[in-house]
Every structure is written in C-alpha cells, then in structure tokens.
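Student: Can we go through this model together? I'll ask, you answer.
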Protein chains: 2
Amino acid sequence: MSVTAAKGFRATGGSMGIKPTGKSDVAIVTTASGKPVAVAGTFTTNKAAAAPVQVTKRHLEATGHQATTVILTSGNANAATGAEGVVHAMELCATVARALEVPPTSVLICQTGLIGIPFPLEATIGGLAPVLQTLGNDEDAGTRAAEAIMTTDTFDKQATVVGSNFTVGAMAKGAAMLAPNMATMLCCITTDADVAHVDLERILRRAVEQSFNRLLTDGAVSTNDTVLLLASGEAGHVDLQEFEQAVTSVCLDMAEKMAEDAEGATKVIHLIVKGAASDEEAHAAARNVADSLLVKCSFNGEDPYWGRVVSELATAGVAFDIDRVSVAYGGTVVCEAGIAKTHDVEVVKAHMAQRHVTLECNLNLGIGSATMLTVDLGHGYIDENRTTS
Amino acid sequence: MSVTAAKGFRATGGSMGIKPTGKSDVAIVTTASGKPVAVAGTFTTNKAAAAPVQVTKRHLEATGHQATTVILTSGNANAATGAEGVVHAMELCATVARALEVPPTSVLICQTGLIGIPFPLEATIGGLAPVLQTLGNDEDAGTRAAEAIMTTDTFDKQATVVGSNFTVGAMAKGAAMLAPNMATMLCCITTDADVAHVDLERILRRAVEQSFNRLLTDGAVSTNDTVLLLASGEAGHVDLQEFEQAVTSVCLDMAEKMAEDAEGATKVIHLIVKGAASDEEAHAAARNVADSLLVKCSFNGEDPYWGRVVSELATAGVAFDIDRVSVAYGGTVVCEAGIAKTHDVEVVKAHMAQRHVTLECNLNLGIGSATMLTVDLGHGYIDENRTTS
C-alpha cells in the first residue's frame, strides 16, 4: 500500500519518456482533497544540491511548509544543470499544478538519476498528462509510484505501519551513493495523523537520524537526497510517541531494504560499536570501519580479518586504547585486549558465509554506542559503476 | 644503488623464514663504521601503532635520535600483537645488535605484513645470522634489501639522487592501505650529507608532506608506516636547500612508484584542485575526490563522469559554489560554471584510455591549490584483498 495506505492520498506512476528504455520514470503523490497538508522534509547536505532540492526548499518556505503534491522523476538527477535546471524543475511543478488545479508552490519535486546532463524537458513534458489520469488510492497505485522512482534498484521499496488510530506509509529508492547525512535516496512518507508541522519536523529528523543516517554503503553523499513526510490529518490527533515510533519504523524498514539492494553487494553488515567515550565517538568509529575498502573486501571474501577492523577503529579520531579493544563476528570474540583470541574457527566461518553478518567492536572505554548498516565490496559494485553507458 | 649509494652504509636482504614461501623477508641497513649517525623519522598516526613503531620511537628517544642499523621485515606486521609483540620486536633488534656488536638501542625496526598474527620469533630468529653475513655496499646489496621488504608489491622500489657533493638513496615498499598521513609503507633513506638532527627532521617532515602524504589509494592509514632518514655525514657539509630538494625528489619518486604499483589499479590519476579558499581547503577537496569509490570506478571504466567529481567537491566541507566550478580531464574542460561544456569527446576518450590520467578541478574562489596522486578501483583490488589466504 505504501504512500496510498494513509487516508487522504492518491498516487500513481508511469513513463513520461525520461528513460530511453521506456520504463516507468515519474511518480505522483497528491492529496485526495486537493488541499495542502503539513509537510516535513530533510535534505542532502551536499553543496551542489540539485535543482529539485532547491525548488522544493523554496516552495516549502513560500507555503509555510505545506503541500498538495510531490512529483518524483527517475533517469536524470537534474543536478549540475545550472539555472536552466531550476527552470526545468519549476516547469515540472507548474505543469502538474495546472493539471491538478493546485498552486504551483504546493507541488514539491524529487529527481534521481545521472548528474550533469540537462533535463530533457521539451521531449518529456507532454508525457505527464496521461500519467496524471491514472491517479488512484489503492495498492496498485502505490506500487506504480514506488516502481517509477527506481534507478539501479532491483526491487521497489515500500512500507506501511498501522497505528492504533493512524497509518504511516512510505516508498523509497536508493541503491548506491548511500552514506550518513543522507544519500542518493528519495523517500516519500504519507500519514493521515494530524500532527503540527513543528512536531512533524522534529519527529522526521530524529527518525532519519536513526535510520537513513545509520546506513553507509559507499560513503558518497548525493546531490539529490530528500525525505518528505506529508500528513493529511484525516485520522485526527494521535499519540505523538506512538507516531514517532511508527515513522522511525517505516524509515528503518526503508533503510534496511536499501542495504539489501545495495549495488553489487552480496552481504549486509550489521555493525555495532560499544564502549566508546560517547555515542558520537562510537558513531565516528563505526563510520570509519564501515567506510573502509579493506574491511568491505574482507566481508566479500568472508574473511574475519579483525586486524583491519582494529586499524580503522584506531584511525577514527576517537579515544582508543589498543590494549582494551575486542572484536566479535556473530557473537564469537576473535580479538580480546587488542590481540588474537583463540576461538572456534568453524563457527565464525559459518557466520561469515551468511547474507547477514554481525560485527561487534567494544572499545571498553565508556558507555557510548552506535549501530550502522553497511555492505561488502565486490566486483558487482564496480561493474555497476565503472561506466554510465 | 638506493640505500647503499651514499657513502658510509652497507645493506643486505634475505630470508629468515617469516614468509612460508621462503621468499626474501628481512633487510638490514647499517653504517659501515658501526658508529651511530643522525636519524630523522616520521611515523603512522594510527592509534594502534604496531610494536616495531613503538620500539623504534623508544630507541630514537633513548639515543637522542641516533642509530647504527635498521632491520626491516616483511610477511608479518607484528601489529595488534600486544606486549608480546613489543618483546619480539626488541628481541629482533637485540639479535642484530649482538651480531653487529652495536648497542641494542642503536637498532631501529620496521615490519610489514598481516595484522593480528603473533610474530613467529622462535621459528625465525635463527635465520638472521646467515643474512647478516651478506652485508655489502654495492648495487646488488641495495637491491637485495629493497626486494626483502616487498609484500604485495610487484616490483622493488629504489631511488637515488646525486647532489653536488652528496648522495641521497632510498628504498620503499607500499602497494595498498595508502592514504595521506602515511600508509602501509616503509621507506628507508640514507645520505652521506652531514646534516644536524634538527634540520634532518624538518627536511624529512616537509618532504613527506609533499610526497607520501599526497598519495591516496584506498584511504586506509596503516599501523606500521615509517619513513627513516639516516645521515652518515661522510660527505661533509651541504647546501641545505639543495639537500631538501634531493630528499623531496627521492620521496616523490618513491610515492610515484607506489602509485604505479597500487594493488589492482590499472591507472594512476594525477589530481589537481585549484581556486580553493586556501591550500588546506584544496587538499581537503582533493582528498574527498580521491577517496570516492564512484570516482575511482569511473576511472576504471574510462568514463569522464564529472558529475560525481563535482558532487565530491561539494561534500568536502570546504567553500564551494556550484556556479563557479570547472572540471577538466587531460586539459579538456568538460564542466564550466557548474554545468556541462561542449567539448571534443574523442580527445577526452583518448586521454581517459591512457595509464596516466589528469583530472583538474577549479573552484574559482581563491588561490588555494593542491595536488594528489590516486588510482582507479577495479576487480584486481578486491581480488587482492578479499581474503588473506
């Protein structure tokens, strides 16, 4: 159901001709009433933020954080496309606004795909109208939207959580350039909960921090990352704590699906760093480990080479004492007090052979901890990314 | 000639049985006189610095930065080996000292290889004496030493610069875990120039900054990095400026050979960032580009995908204005003022197909600039690093 699960939203997806393959490349999510609703958003920190990110931020400012509609396109990121790119993004919003009879600034835009190629506006803008005819509020409509935002994704990503008196649904895309502080990922969340904008922003920011920002596949921070949360309010007031749990749960589900679908990855690594001087230091240490090519290669080869893990913990710029550190794979301690520990090699080997692998590091210095989701590095990633053609 | 080129040094290399293959795994560099000479050293910033790094630093402190001898072993890093590792490193120094009849603290030690495996002291210590019998001061002796420090290196790395009245020679190893602020690299430099320790330290630090610290292959900072510069003084006083140029030139030569020999790399990338707010910001931007898996994959695929380069410049945490940035491959500008620039595609294609590729980024904000040497990311790197067996 995803974005159509909550009351008050319609969605669809189809092809407007951006992708030369003719595959589905535009999704629309809009309020059933045509009225604007409260929106929260988090965006990339990349200083080369793409045209759609600039336009969406501008529209949210102009409306006081309200919107009726989101258009999401795939196949061209409309990034590094200059002033013309901004005009193109605004034109896409305006075209949708005319068709749906809503104000142009009430339409937000997300785009994903290749960077630096002018968006083919003239060749595609005519393709929007037929897609807009297919808006619906059923499961099929939600799936059409989720499929239309895929780029190198191998499956569409949707999630729904039903609360005691409300629903939260989401769709997302993302398979590479994933790093904390957002990634080449788009996520559109809808809910029928009636939540004030200020609460919506706080809840979304915390949920993103606990989910997407704990996911690191290749360390790249993309130009287009956007998470939007639209609240129709049709389900009335909700318990904010329960609502926050639901939003976080949906975001976590999306982040895990992105890790599952990471380009060329054969394994999902659940990384835990404990015993750091602070949570921040634990996070920095986890990030350094997750970002290490050598550690990623070891996972690809199913090799519990803990020496590389210790080396990365020791260069993370955090408090570290080699004589205290321990490392465990799947619960089996292989390094204790900074040196090799005798262990059941077969047990570790069996764990490393699984698709989901757990790596736990304990700095034994304090009570700071962090978790992170990452993946291995194999030939597939290189094959996917060596050329754009 | 390398380490035996300068007057006053003898060297050799051979097998003491660390490598199961029986390949050469220990090098000795020592003063011909048996007398201690001035030494400068730079070391890894990794907080899990290996036993040999700890012992070498301790010996340099004890002697007031003087040494007679350096022992360098390959095949086992003696890192993450705890207190026992330190005892083993000291024992290696002591054994060499007894054989050469010099004080144990006048012997420095460098080790490289796998991390976290106890050093096989008992099984190998007896192999030292026969190797020490083969010390010589000719070219063969220097080459034997250079060959004995190779791990995944595919060729031995040596350089010599002859000044107006002095000589500087060096040998080095390093093929992976190369990142600014030192790398899994060992470099031993000898000179017959008579230079005070304080000048030696300053000159070495600046030379390392301009060479090894500008080389980034896989972003890992190793546990064992060491550069040592020994000055016998036998050639007498020298012009310090000429001497600094010679040391820098030798270090640059070694850094370039490491890039040439980077594990699994098919291309050497000469990266230039100009127009930054400061040299430091240019360096940070260059590092972010050089560290990008996506940029490295593009080079592997010979794809001038400048959008990824711009995205990395924009996330380097430095002053950046997308509307000013330009990017050129081999001198051909492909992005100007932040957007695609029409260019001769065939010329860029031909440049990308070469082994040495130049990527020049201009932020057009200030006069800060930096250069960096990096490599592409291909299947070979993964194949080399996925398992240790």
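This is a predicted model: local features need pLDDT of at least 70, side-chain atom pairs count only at pLDDT 80 or more; totals for chains, interfaces and linings use all residues.
Tutor: Start with β8(A), which is covered on both faces. T167(A), G169(A), M171(A) and K173(A) are buried on one side, and V168(A), A170(A) and A172(A) are buried on the other. Residues are numbered from 1 along each chain as its sequence is written, while chains are lettered from A and ligands numbered from 1 in the order in which they are written.

Student: What counts as buried, exposed or partly exposed here?
Tutor: Buried needs 20 or more other C-beta atoms within 10 Å of the residue's own; exposed is 12 or fewer, and partly exposed is in between, with C-beta atoms placed from the backbone. Strands are DSSP runs of E, at least two residues, and helices are runs of H or I, at least four, numbered from the N terminus.

Student: Why two sets of residues in one strand?
Tutor: In a regular strand the side chains alternate between the two faces of the sheet.

Student: Which strands pair with β8(A)?
Tutor: One is β7(A), residues 157–162, antiparallel over 6 bridges. Another is β9(A), residues 186–193, also antiparallel over 6 bridges. Pairing here requires at least two DSSP bridges between the strands.

Student: Which residues stand opposite each other?
Tutor: A159(A) stands opposite A170(A) in β8(A). K173(A) stands opposite L186(A) in β9(A). A hairpin with 4 residues joins β7(A) to β8(A).

Student: And the whole sheet, in what order?
Tutor: β4-β3-β11-β9-β8-β7 of chain A, 6 strands in an open sheet with mixed pairing. Its edge strands are β4 (66–67) and β7 of chain A, each pairing on one side only.

Student: Parallel or antiparallel for β9(A) and β11(A)?
Tutor: Parallel, over 7 bridges, with β11(A) spanning residues 226–236. C187(A) has V227(A) as its bridge partner in β11(A).

Student: What helices pack on it?
Tutor: α5(A), residues 139–148, touches β7 and β8 of chain A, and its direction makes about 140° with that of β7(A). α7(A) lies across β7, β8, β9 and β11 of chain A, at about 160° to β7(A). Axes are lines fitted to C-alpha atoms, for helices over the stretch in contact; angles run from 0 to 180 degrees between N-to-C directions.

Student: Switching topic. How is chain A split into domains?
Tutor: Domain 1 is 2–260 and domain 2 is 268–385. The bounds come from an automatic or database domain assignment. Their centres, over C-alpha atoms, are 33 Å apart. The contact takes 12 residues from domain 1 of chain A and 11 residues from domain 2 of chain A. Contact means C-beta atoms, placed from the backbone, within 7 Å.

Student: What supplies the domain 1 side?
Tutor: β10 (215–216) and α7 (240–260) of chain A each give at least two residues. The largest share, 4 residues, comes from α7(A). By class, that side has 6 nonpolar, 3 polar and 3 charged residues. Ala, Val, Leu, Ile, Met, Phe, Trp, Tyr, Cys and Pro count as nonpolar; Asp, Glu, Lys and Arg as charged; the others, Gly among them, as polar.

Student: How many residues are in contact between the chains?
Tutor: 50 residues of chain B are in contact with 50 residues of chain A. On the chain B side, α9 (293–300), α10 (306–313), β15 (339–340) and α12 (379–385) each supply at least two residues. That side has 25 nonpolar, 20 polar and 5 charged residues.

Student: Where is H343(A), and what does H343(A) touch?
Tutor: H343(A) lies in the loop between β15 (339–340) and α11 (345–352) of chain A. Leaving aside neighbours within four places in sequence, H343(A) is in contact with T332(A), V333(A), V334(A) and V348(A).

How values were computed. Two residues are in contact if their C-beta atoms, placed from the backbone, lie within 7 Å.
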